[in-house]
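The entries follow in the order of looking.

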Amino acid sequence: MMRPGVRSVNTLIAGFAYVKSTIRSTAVVSGMPVSVGTELTNHCNLNCPECHSGAGLMTRKRGFMDIKLFDKIISELEPYLYYLILYFQGEPMMHPRFFSFLERSQHINTIVSTNGHFLSAENAEKIVRSGLSKLIISVDGIDQETYSSYRINGDLTKVMDGLKNLSEARGKISSPLKLEIQFLVNRKNEQQIPSVKRFARKMNASLKLKSMQIINQEAVGTWLPSKQKFVRYKKKEGIYTIKKRLPNRCARLWFNPVITWDGKVIPCCFDKNACHIMGDLNEKSFRDIWEGPEYRTFREKILSDRNAIEICRNCTSGLKGVRY
């Protein structure tokens, strides 16, 4: 049984270490992360053009997380976590044991993000009864043409039916599950923002309007919206870059790691191809990795010259006035 206050105390310890690190410009590590992203799979049923998984740009192997590896993650980190995130690259509901992961994480605030193609009436009821805290559903257009311009091979009717299944199942048992509709604002759908706001209210869901991360330079002009508050990029000398200067700090390195399906610990959710592996949970404990030399070296690089790290140059973490 976890002692009361462990999470709060850990958050204070980790926060103090982060602040001390930014002031001194040298990495200080205390405490454990307050949330962790776990990649159930990097397989996906869609082919979104600005996603490493969907666009076929993923250079690492594809697979499904072993439930025993997940058990190890939970056993080590549960006392410290405020949030457990069950997605990274890929569609988590494609995991053949998806509901086993929900069952094992009932005692943590758990979040899943899905493209909404697996929300049958049966699955919707299992989700609302699972203890899941929050389900995020991607809806990037309110008509099939707009939706599938980005969600290639996606079926908007199936997603809408899934949302209705969830809404009905949630109402049937008065479930506290939070539903969030996520809308990636781009040039093709920005005129539909008022409509998607009305739809979210109808579904009794919150709405998150997100700026779009673009990985192909030649495609920036295709997707960049006209509304500046949703634009991450500026054009300088023919190259699109994040429109504000990156500060030499990043709280993710002290609070929010990611674990790939095969047990690699990586610094954050912007490392799509796991280019910066801090350690392997099949070989070491999480604490040994978290406090280890690879992590310390990477934190030092962030504190000295974040812009020199490629994955950081497409990141909005810590930038004021830029919607993540």
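Entry 1, helix α4. I looked up the face of α4 turned away from its buried side and found the exposed residues Ala121, Glu122 and Arg129 there. I count a residue as buried under 20% relative accessible area, exposed over 50% and partly exposed in between, with a 1.4 Å probe and protein chains only. Helices (H or I, at least four residues) and strands (E, at least two) are DSSP runs, numbered from the N terminus.

This is a predicted model: local features need pLDDT of at least 70, side-chain atom pairs count only at pLDDT 80 or more, and totals for chains, interfaces and linings use all residues. Residues are numbered from 1 along each chain as its sequence is written, and side-chain values use heavy atoms, with hydrogens and water left out.

Helix α4 covers residues 121-129, and I noted Asn123, Ala124, Ile127 and Val128 as its buried residues. They lie on the same side of α4, because they cover an arc of only 130° around the axis. The arc is that of the directions from the helix axis to the C-beta atoms. An α-helix has 3.6 residues a turn, so residues three or four places apart point the same way.

What do the buried residues of α4 pack against? I found α3 (98-104), β4 (134-138) and α6 (156-172). Contact here means heavy atoms within 4.5 Å. Just after α4, I noted Gly131 with a positive phi of about 95°.

I listed Ile193, Val196, Phe199 and Ala200 as the buried residues of α7. Their arc around the axis is only 120°, which puts them on the same side of α7. Arg201 and Lys202 are exposed on the other side of α7. The buried residues of α7 pack against α6, β5 (178-184) and β6.

Asn204 follows α7 and sits in the loop between α7 (193-202) and β6 (206-210). Asn204 is not a glycine, yet its phi is positive, about 55°. Is Asn204 buried or exposed? I recorded Asn204 as exposed, because its relative accessibility is 56%.

I then went to Ser25, in the loop between α1 (6-24) and β1 (35-38). Ser25 also is a residue other than glycine with a positive phi, near 60°.

I located Gly90 in the loop between β2 (83-85) and α3. Gly90 counts as partly exposed because its relative accessibility is 22%. Which residues is Gly90 in contact with, leaving aside its neighbours within four places in sequence? I found Thr41, Asn42, His43, Cys44 and Ser53. I also checked Thr114, which is 24 residues from Gly90 along the chain; their C-alpha atoms are separated by 8.9 Å.

I counted 11 helices and 11 strands. The C-alpha trace spans about 55 × 50 × 35 Å along its principal axes. Buried residues make up 54% of the 324 residues. Of the contacts with a separation of 6 or more, 68% are between residues 24 or more positions apart.
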